[in-house]
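Here is a short report for a first look at this structure. It covers some salt bridges and some strands.

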Amino acid sequence: MKEQKYNAYLKEIGKFIPKDQIYTDELRLLAWGTDAGFYRLIPKIVIRAKDENEVSRLLALADKYTLPVTFRAAGTSLSGQSISDSILIVAGKNWEKYSISEDFERITLQPGIIGARVNEILKPHGRKFAPDPASVKSAMVGGIVMNNASGMNCGTHANSDKELLSAKIVLADGTRLNTGDPESRMTFEKNHTPFLNKIIEIRDEIRNDNELSDRIRKKYSIKNVTGLNLLPFVIYDDPFDIIAHLMVGSEGTLAFLSEVTMKTEHDYPYSASAMLYFSNIKDACRAVVAMKPGPVFSAELLDKKSLASVNDTTGTGLTAVLTETKADTPEELQANIEEIKKILSPFKTVTPIHFTDKPEEYSKYWAIRSGIFPSVGGTRRPGTTVLIEDVAFPLKELPEATADLQELLVTNEYHDACIYGHALEGNFHFIISQSFDSPEQVA
Ligand SMILES: Cc1cc2nc3c(=O)[nH]c(=O)nc-3n(C[C@H](O)[C@H](O)[C@H](O)COP(=O)(O)OP(=O)(O)OC[C@H]3O[C@@H](n4cnc5c(N)ncnc54)[C@H](O)[C@@H]3O)c2cc1C
């Protein structure tokens, strides 16, 4: 029965999608059956869509045959978001158009542009694309926004949710909506009145429940990307704004994103970084908590295992905090460095604090940080799978919480686990290597 549905779907899409954009051969399906995560699902059909019209028709037909669809940008997701055992629609190449507002404060992007490319486009104008996952050199706008991916600088103050202004989307039945276009909104209002009323109803239900609204606010004040984004219901009145912001972090489950307009951020021309070494993880976290109100733009923790994975020879058992400050002038940069040193004066660092403003030096530190996941993965025991997870804590609880997390990993006998990540935002990744070759190990 299912097989018949896929065959009927293939026949119908063959009428408007060229053959070379559709893959059904075993080898290609196998290749598209994996992303950067550790899961595998073999798709039945892979389609490289070229434009919004194609996506709209592909979705309407999938809806007709009740066949599930998954979208993919660059496929660097780590938790199986961009794999499918049904239809996989790929929107990477061919989706790389953009336009910038005259004041350079807004950029409209198609989903297939790589994050780092957006920064190249904006750099000459002194602006940047704020969401900054460590995978920014490969990850694309569609994936970054739909995963609400964020990294070392953007925290919760400049993530995709904070930067998004409007979205052009295609819903599961093929309906198109541009939340930034008055005409498109009007048409949608006319044709989808119950849909909009439902959004308003949910908004009001949440807002009339103070306990729930407070809980949502609290959850999103830390780097919370679990589940669908509920924050828009609390902070936006306009149902179209709610719909657009609901896309952020929805992992492609609510709609296809065909274009997004985002704010750009000021790109400071001067920066300096220091690798600060502490004798234990708790002290490192305490130092991060102290630095938070200072002129610190990022503070990335690398625990002993992370440092060992990149053969850091400073000393065994140390924890490092890669710290960065930025400024508009060299004088301001120097003043920032002095201020950070003053904040850190009560803390004992293993080596003297040394900030470098030389790009050839600090880019090496940041390359180490960006490469931690593959480096640690490379040191796993043969036959094990690398599992990576995220946890976020309110910052003031970070030192205790991190020590607890470390203990939890040891108690569960993950002796080669590592903890690293965005300490300044109270957000860590932890990596464990797990074997799945016996029922005990699976349990
Ligand atoms: C080495 C490494 C480092 C990483 N570092 C970070 C990090 O620091 N922070 C972080 O948050 N993540 C990180 N990631 C995870 C991942 O890179 C990011 O989440 C990234 O944003 C995914 O982008 P992508 O283009 O690969 O999207 P994909 O993996 O292709 O897709 C991501 C999600 O978006 C959906 N999607 C894609 N395009 C569309 C579209 N047009 N419309 C609707 N839905 C769509 C997909 O269905 C999927 O659910 C890292 C991954 C790796 C491998």
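## A salt bridge within one helix

D283 and R286 join their side chains in a salt bridge, at 3.1 Å from N to O. A salt bridge here is a side-chain nitrogen of Lys or Arg within 4 Å of a carboxyl oxygen of Asp or Glu. Both residues sit in helix α12, three residues apart, so about one helical turn separates them. D283 is partly exposed, with a relative accessible area of 25%. R286 is partly exposed too, at 36%. Buried means under 20% relative accessible area, exposed means over 50%, and partly exposed lies in between (1.4 Å probe, protein chains only).

This is a predicted model: local features need pLDDT of at least 70, side-chain atom pairs count only at pLDDT 80 or more, and totals for chains, interfaces and linings use all residues. Residues are numbered from 1 along each chain as its sequence is written, and side-chain values use heavy atoms, leaving out hydrogens and water.

## Salt bridges across the chain

The structure holds 16 salt bridges. One of them joins the side chains of E400 and K282, at 3.4 Å from N to O. This pair links distant parts of the chain: E400 is in helix α17 (residues 398-411), K282 is in helix α12 (residues 281-291), and they are 118 residues apart. Helices (H or I, at least four residues) and strands (E, at least two) are DSSP runs, numbered from the N terminus. E400 is partly exposed at 45% relative accessible area. K282 is partly exposed at 25%.

D416 forms a salt bridge with R381, and their closest N and O atoms are 3.8 Å apart. D416 lies in the loop between α17 and β16, and R381 in the loop between α16 (372-378) and β15 (385-392), so the pair ties together parts 35 residues apart in sequence. D416 is buried, at 19% relative accessible area. R381 is partly exposed, at 46%.

## Covered strands

Is strand β13 (residues 298-302) mostly covered or mostly open? Five of its five residues are buried, and β13 is mostly covered. S298, E300 and L302 point one way, while A299 and L301 point the other. In a regular strand the side chains alternate between the two faces of the sheet.

β13 runs antiparallel to strand β14 (residues 319-327), joined by five bridges. Two strands pair if DSSP finds at least two bridges between them. A299 has T323 as its bridge partner in β14. β13 also pairs with strand β16 (residues 418-422), antiparallel over three bridges. There, L301 stands opposite G421.

Strand β12 (residues 270-278) has eight of its nine residues buried, so the rest of the structure largely encloses it. Nine bridges join β12 to β14, and the two run antiparallel. F278 has T319 as its bridge partner in β14.
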